[in-house]
Amino acid sequence: MARLFEYQGKMILRDRGISVPPGVIVTEPGDLDSLPSALRLPVVVKQQTWRTGRRSAAGGVARCNTWPEVSAFVDPLFGSQVRLWGPTPLALVEEYVSVAQEVYAAISIDEEVGSPLIMFSPQGGSEIELGVKTGAVQIYSQHVNILRGILPHNIMSLVKRGGFSGPQARSLTQAIHGIWRAYSELEARTIEVNPLGVATDGSVVALDCKITLDDSALFRHPEIEVHFGREFDRPPTFLERLALNADQADHRGTFFFYQIRPDPESLLAEDGWIGFHGAGGGGAMMSADALVRAGLRPANFCDTSGNPPAAKVYRAARIVLSQPGIEAFFYSGAGMASQDMPTIAEGLVRALIDDQVTIPIVLRLGGNGQDAAIELFNRWRRYIPAPAAEAHGADMHLEESIARLIELMKSNRNSPGLKRRAWSLPVDFPLTPASWQPEGLEEYRGRLTDLPSVQRIREVPYKWAF
Amino acid sequence: MGILIDSRTRVLIQGITGREGRRSAALMAEYGTRIIAGVTPGKAGESVGGIPVFDSVEEALQKAGHADASVIFAPGVSVREAACEALEAGIQLIVIVPDRVPLHDFLYVMAFAKERGAKLLGPNCIGICTAGEALIGMIGGSAETARSLFAPGTVGIVSRSGGLASSAAHYISKAGLGVTSVVHVGGDSIVGLRMSDILVMFDRDPATKAICLLGEIGSSQEEAAARTIVNGSGKKPVVAFLCGASAQPGVRYSHAAAIVNGGRGSYESKVSNLVAAGVHVVDSLSHLATAVREVLK
């Protein structure tokens with residue numbers, strides 16, 4: 001679920017007639033020079049960040065009375081922030097706007113009813129969640145029948161319930177109706193404007209804006225610049241972007257990849273990291289939980305599901321395997337997959353061969369066609385250099401297979417040179433099968449689709465740290 | 001017995017000529033489901049494994065007769081059209097298999113279904129099987145696997161994960177208990193029938209003696225299920241297994257629903273709500289069958 005930056009959200013609101021403070025986006029050091037001619041002091045500087053929640057508590061917002069103060073706040077950001085996509089906006093500098101009251105307006109989905117819910121409170125601000133919990137803040141809400149939409153007079157009654165009347169009620173109604181139009185036109189999951197400022201003369205100004213979009217509808221909104229169509233708690237790494245590309249370039253099945261430990265330094269310095277390839281959303285989560293419970297550390301979360309072709313499984317496995325420092329590879333789903341397991345096994349085996357994997361491997365191939373899948377693995381086992389590699393069916397419980405993995409890892413520690421994966425940054429990552437092919441290994445069921453944007457990604461400089 | 005579908009349920013397949021449609025049509029027909037027809041616009045006159053194909057739902061119902069349920073295999077972006085077509089034709093149960101259904105499209109379908117009093121299962125749903133009677137969707141993968149997984153018995157299974165639904169059924173069947181119906185409610189954050197709805201149906205099904213609930217982090221379905229039990233609408237013994245204990249807060253995992261924000265939808269919240277409702281929560285799928293046998297004593 002792609003999150004938009006605050007500045008993007010404000011531009012969307014502005015396009016629908018909602019006032020926002022005059023502001024400038026700072027991307028490069030040179031942008032600071034243009035500020036004095038564009039804005040009046042005092043200003044508010046807001047770091048544009050991926051993190052949600054209490055940004056001001058983390059020091060990402062400052063009110064400045066002079067331009068040198070602005071530079072002092074913004075300058076350190078130029079060096080520190082990850083710039084995954086070339087120049088990205090670092091901060092939004094806005095004129096400070098004084099308001100009489102801060103209110104809360106948001107639209108989200110009530111999952112129990114299955115319809116959008118408009119929420120309004122006369123008491124906005126950063127403490128609203130706490131206030132709702134303690135009962136100090138009252139939220140007024142209204143469901144929307146999506147077949148009919150909502151009319152201004154429906155919103156007016158919501159605003160009046162919140163204690164507003166006259167010009168203020170009228171402006172608030174117009175603003176919230178604008179938020180609804182944005183919500184509906186963009187096919188958003190949530191829009192939160194907190195606070196929405198109300199001046200004594202009745203005018204209304206959006207002082208913040210958080211928008212989350214629906215990834216499945218992004219293709220209908222090419223006008224919105226989405227940097228990464230997934231909901232993460234930090235900017236994505238190179239491998240994560242590569243994974244998203246591999247998923248999007250091939251519409252068959254789904255592939256999800258998230259690095260629990262994204263920095264290679266700690267992967268290399270610490271013991272016990274597992275390259276984890278899960279299958280099926282629930283089965284993958286269950287398997288990751290069991291690894292953690294057994295004292296192992298999945299370096300990543302990964303899931304291939306929706307009956308993926310071998311090519312997608314192959315790419316996923318290659319990406320999991322290219323994490324430096326991992327000491328074992330574990331493939332596991334819920335145990336009894338409806339996916340076609342011989343196809344899955346083909347993708348996995350080809351990746352293990354192409355990658356010339358030496359660390360211990362345990363594959364749980366239980367499910368539809370498991371015997372043929374295990375047979376396929378055993379037939380091509382000798383082309384995989386790893387001294388310890390096993391494939392099991394549904395009859396081996398998850399916990400047992402993890403116990404096997406631990407045993408194999410212990411025995412592997414005594415084989416010098418095979419301890420763990422070497423650093424293998426995938427700069428020239430082919431993502432297509434190696435030219436060397438063991439004689440007779442079946443061709444992929446499911447052709448490889450091209451990955452046109454991999455080249456583009458490679459050109460962009462990136463850093464691991466953030 | 002079992003819930004939602006049985007051997008008499010007449011089923012229509014929308015998107016029958018695509019890759020998943022063909023594969024699943026064979027699975028359903030071989031399992032014994034009463035498939036009356038398939039629909040793919042522009043493909044009237046073709047047949048898929050002996051099942052006649054029509055251009056529209058209306059035409060299919062005119063020529064092949066009434067349908068109780070329709071299952072959709074169209075791409076996610078076509079689900080809104082396909083589901084509304086089936087709803088307009090008066091079909092009362094729609095099973096939506098595809099993932100990547102745009103959220104607002106599905107909200108539209110939900111509102112449309114509500115007006116017609118119809119039920120939706122999914123989206124992002126592997127399907128439902130009433131053991132020994134009928135199967136809708138792609139659960140099991142092949143009729144042979146489905147028959148070995150879903151031995152007729154007394155345990156109802158409801159799951160937010162397709163893989164967990166099949167795996168739990170496998171363990172329950174292997175333990176000699178067998179299942180009544182196995183229902184995957186779908187992996188998306190917003191789904192039609194929720195776990196709590198299915199729980200109430202199992203409660204009313206005389207053949208079901210115990211229920212397995214397989215949940216995961218994100219959404220409030222498990223909490224709602226616990227509320228259903230506390231309110232007295234779920235009186236049969238429930239054994240639950242939940243996954244996502246090790247997930248990172250603020251990251252949306254591969255299921256669109258799997259996210260924990262500010263403690264909401266967390267593993268701990270779900271476990272404590274279910275335990276407070278008297279549900280037996282196990283920490284490994286391999287303990288499920290033993291726990292079910294225990295509560296059935």
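Which side chains meet in a salt bridge at 2.7 Å, N to O? In this predicted model, they are those of Lys46(A) and Glu6(A). Lys46(A) sits in strand 2 of chain A, residues 43-47, while Glu6(A) belongs to helix 1 of chain A, residues 6-14, so the pair ties together parts that are 40 residues apart in sequence. If we search the whole structure, over all chains, we find 32 salt bridges.

As a general matter, the size of an interface is often given as the accessible area lost when the parts come together. Here the area buried between chain B and chain A is about 4,900 Å², and carbon and sulfur atoms give 53% of that area. In terms of residues, 67 from chain B and 58 from chain A take part in the contact.

Now for helix packing, where two packed helices are described by the angle between their axes and the distance between the axes. In chain A, the axes of helix 5, residues 152-161, and helix 6, residues 166-186, come within 9 Å and cross at roughly 125°. That angle makes helix 5 of chain A oblique to helix 6 of chain A, and the crossing of this pair is right-handed. On the helix 5 side, the residues that meet helix 6 of chain A are Pro152(A), Ile155(A), Met156(A) and Val159(A), and their partners in helix 6 are Ala169(A), Arg170(A), Leu172(A), Thr173(A), Ile176(A) and His177(A).

My other packing example is in chain B, where helix 7, residues 195-204, and helix 8, residues 221-230, pack at an angle of about 35°, with their axes 8 Å apart. The crossing of helix 7 and helix 8 of chain B is right-handed. Helix 7 of chain B brings Met195(B), Ser196(B), Leu199(B) and Val200(B) to this contact, and in helix 8 of chain B they meet Gln221(B), Glu222(B), Ala224(B), Ala225(B), Thr228(B) and Ile229(B). The residues of the contact between helix 7 and helix 8 of chain B divide into six nonpolar, three polar and one charged.

Technical notes
Residues are numbered from 1 along each chain as its sequence is written. Chains are lettered from A and ligands numbered from 1 in the order in which they are written. This is a predicted model: local features need pLDDT of at least 70, side-chain atom pairs count only at pLDDT 80 or more; totals for chains, interfaces and linings use all residues. Side-chain values use heavy atoms; hydrogens and water are left out. Axes are lines fitted to C-alpha atoms, for helices over the stretch in contact, and angles run from 0 to 180 degrees between N-to-C directions. Helices (H or I, at least four residues) and strands (E, at least two) are DSSP runs, numbered from the N terminus. Angles under 35 degrees count as roughly parallel, over 145 as roughly antiparallel, 65 to 115 as roughly perpendicular and the rest as oblique. A crossing is left-handed if the near helix is turned anticlockwise from the far one by less than a right angle, and right-handed if clockwise. Contact means heavy atoms within 4.5 Å. Buried area is the accessible area (1.4 Å probe) that two parts lose on being put together, summed over both. Ala, Val, Leu, Ile, Met, Phe, Trp, Tyr, Cys and Pro count as nonpolar, Asp, Glu, Lys and Arg as charged, and the others, Gly among them, as polar. A salt bridge is a side-chain nitrogen of Lys or Arg within 4 Å of a carboxyl oxygen of Asp or Glu.
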